[in-house]
Amino acid sequence: MQETLIQDFETLSSHPHARLVIQGERGWFVLQRYTNPYQALCEAASDPYLPKENPLTPEQKQLLLNEGYKKRRKGRSLGKIVALNTPELRETLYQELSSLFDLVYQESIEDARVHTQFNVLSKLNNQSLLNTMKKLSTKRTHELRLTLYHQLVQSKLLLAIQSDGLPRAIDTIAGLPSYAAFTDDSAIRFWDPRGCEYKILEGYDLFL
């Protein structure tokens, strides 16, 4: 695993907008490349993404903080920027993640499932829709509700899907499945830094 994962770090370093997920049975780390060369945002699974009956202890959280991980995504995750540009830095990162897997999640990184996703950005932009949502959160008028509905119908949205292409049910409401649709890439990452499979749909296909 060590040699393979270090090679995955090198591959990630040369592919902007790629994502590397290291998934254990309980915990995970995800590295997201943006535009800066040889750097990635490394995020660790924290309580919103862990089983409710098995959250991180204060000591486990402190281990992450001691390594420089800070609250991100309005406190939903813990992350930091890591460097990937030399073999020595990639080796150091492997040793750090291996130790944290053991100490924080009580599992071995050797048993983790690893996969890299390339070209993860949809480049969808729904700024007008987001502005209306923000207004509606503070001023709940009938006119704003109508505006929001019309914008949703006229927008393109990201629908979370399963591996077979069908919509991914994430919960139930009144016994019926509910699905996740997102306005843009940052909304998906806020929901889950590991991202998800999705397809772009017209709003009218979702709501009409």
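## Helix packing around α3

In this predicted model, the crossing of α2 and α3 is left-handed. Helix α2 spans residues 58-66 and helix α3 spans residues 87-105, and the two pack at an angle of about 160° with their axes 9 Å apart. Because angles over 145 degrees count as roughly antiparallel, α2 is described as roughly antiparallel to α3. On the α2 side the contact involves Q60, L63 and L64, which meet L100, L103 and V104 of α3. By class, the residues of this contact comprise 5 nonpolar, 1 polar and no charged.

A second pairing brings in helix α1, residues 2-13, whose axis comes within 9 Å of that of α3 and crosses α3 at roughly 125°. The two helices α1 and α3 are therefore oblique to each other, and their crossing is right-handed. From α1, the residues Q2, L5, I6, F9 and E10 take part in the contact, while α3 contributes R90, E91, L93, Y94, Q95 and L97. The contact of α1 with α3 divides into 6 nonpolar, 2 polar and 3 charged residues.

The two pairs are set side by side here.

| Pair | Angle | Axis distance | Handedness |
|---|---|---|---|
| α2 and α3 | about 160° | 9 Å apart | left-handed |
| α1 and α3 | roughly 125° | within 9 Å | right-handed |

Charged residues number 3 in the contact of α1 with α3, whereas the contact of α2 with α3 has no charged residues.

Conventions: Residues are numbered from 1 along each chain as its sequence is written. This is a predicted model: local features need pLDDT of at least 70, side-chain atom pairs count only at pLDDT 80 or more; totals for chains, interfaces and linings use all residues. Side-chain values use heavy atoms; hydrogens and water are left out. Axes are lines fitted to C-alpha atoms, for helices over the stretch in contact, and angles run from 0 to 180 degrees between N-to-C directions. Helices (H or I, at least four residues) and strands (E, at least two) are DSSP runs, numbered from the N terminus. Angles under 35 degrees count as roughly parallel, over 145 as roughly antiparallel, 65 to 115 as roughly perpendicular and the rest as oblique. A crossing is left-handed if the near helix is turned anticlockwise from the far one by less than a right angle, and right-handed if clockwise. Contact means heavy atoms within 4.5 Å. Ala, Val, Leu, Ile, Met, Phe, Trp, Tyr, Cys and Pro count as nonpolar, Asp, Glu, Lys and Arg as charged, and the others, Gly among them, as polar.
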